[in-house]
Amino acid sequence: MSPDYQAIREAVAWRRAPELALLSLRGDDARDALLHLCPSRLLLRDAQVEESLLLDADGRPIADVLVCADDEDYLLIVEGLGGDALLAHVEASLPAGCAPEVALEGGRAVLSMHGPWAWELVSRVLGDDMMALPYLSLFRIDHGICVRAGKTGEFGYDVVMEREALEALVPVDVAGLKPGR
């Protein structure tokens, strides 16, 4: 078994995720825009996260989306479309009269931590409060948010922070993290 697969199954894998695009929807039309863009039935309260998709004009999936509700605003963590293509898709898809504030969050980046022991690494890096973060929710941290959602089940976290702050956030002593500890 390769070390990457072994880490996902038995420990924790972390990486910066430059392929993820971040898009914010703000203002009076933010919710209407979100409901028009995503085919899922989104019933989000503040600090909740839901998985959805973006579809092309023929109804085929073009990107996976984590929709993060932050009061009346939304952050979309998008995998499958780069920033420029994402912005073009949103602008082409919104109906006339629906005009939220739409912005690519180019100043922010994502650190993803996944695997059955991701909670331990997150608690060491961001504090013990993160261990109790419910699945599909977000928590405000200095310079950003921590989203609990995973590609390997519920044991995954995406930390979305200002780029400079993320560069300073280097996972601590991962060699000390062992399965079953």
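Residues are numbered from 1 along each chain as its sequence is written, and side-chain values use heavy atoms, with hydrogens and water left out. Because the model is predicted, local features need pLDDT of at least 70 and side-chain atom pairs count only at pLDDT 80 or more, whereas totals for chains, interfaces and linings use all residues.

## Overall picture and confidence

The protein contains five helices and ten strands. These elements are DSSP runs numbered from the N terminus: helices are H or I runs of at least four residues, and strands are E runs of at least two. Of the 181 residues, 43% count as buried. Here, buried means under 20% relative accessible area, exposed means over 50%, and partly exposed lies in between (1.4 Å probe, protein chains only).

The accessible surface comes to about 9500 Å², and 51% of this surface belongs to carbon and sulfur atoms. Such areas come from the Shrake-Rupley method with a 1.4 Å probe; for residues, only the protein chains shown count as cover. A contact means heavy atoms within 4.5 Å. Among contacts between residues at least 6 apart in sequence, 60% join residues at least 24 apart.

Confidence is expressed as pLDDT, the predictor's confidence in each residue, from 0 to 100. The mean pLDDT of the protein is 87, and 89% of its residues reach 70 or more. Over residues 172–181, however, the pLDDT is below 50, and this stretch has 18 contacts in the model beyond near neighbours in sequence. Where pLDDT is low, the predicted coordinates should not be read in detail.

Helix α4 spans residues 118–126. Its buried residues are Ala118, Glu120, Leu121, Val122, Ser123 and Val125. After α4 comes Gly127, which has a positive phi near 115°.

One of these strands, β9 (residues 144–148), contains Cys146. Cys146 counts as buried because its relative accessibility is 0%. Setting aside residues up to four places away in sequence, Cys146 touches several residues, including Val122, Leu126, Met130, Leu133, Phe139, Ile141, Tyr157 and Val159. The C-alpha atoms of Cys146 and Leu111 are separated by 9.4 Å, although the two residues lie 35 residues apart along the chain.

## Residues in loops and in helix α2

Ala47 is found in the loop between α2 and β3 (49–55), and Leu136 lies in the loop between α4 and β8 (137–141). Ala47 is partly exposed, with a relative accessible area of 25%; Leu136 is also partly exposed, at 23%.

The loop between α2 and β3 also holds Pro39. Because its relative accessibility is 48%, Pro39 counts as partly exposed. Apart from neighbours within four places in sequence, Pro39 is in contact with Ser52, Leu53 and Leu55. Asp32 is placed in helix α2 (residues 30–37) and is partly exposed, with a relative accessible area of 47%. Ala132, in the loop between α4 and β8, is exposed, with a relative accessible area of 65%.

| Pair | Separation in sequence | C-alpha to C-alpha distance |
|---|---|---|
| Asp32 and Ala99 | 67 residues | 9.2 Å |
| Pro39 and Leu54 | 15 residues | 7.3 Å |
| Ala132 and Trp119 | 13 residues | 9.0 Å |

## The second largest pocket

On a 1 Å grid over the protein atoms alone, a pocket is an open set of points with protein on both sides within 12 Å along at least five of seven lines, a 1.4 Å probe being used to find where points fit, and lining residues have an atom within 4 Å of a point. Grid points are joined across faces, edges and corners, and a volume is the space filled by probe spheres set on the points.

The second largest pocket has a volume of about 210 Å³. Of the 15 residues that line this pocket, Pro18, Leu20, Arg108, Ala109 and Arg163 are the closest to its centre. At least two lining residues come from each of β2 (20–26), β7 (108–114) and α5 (163–168). The lining divides into nine nonpolar, two polar and four charged residues. In this division, Ala, Val, Leu, Ile, Met, Phe, Trp, Tyr, Cys and Pro count as nonpolar, Asp, Glu, Lys and Arg as charged, and the others, Gly among them, as polar.
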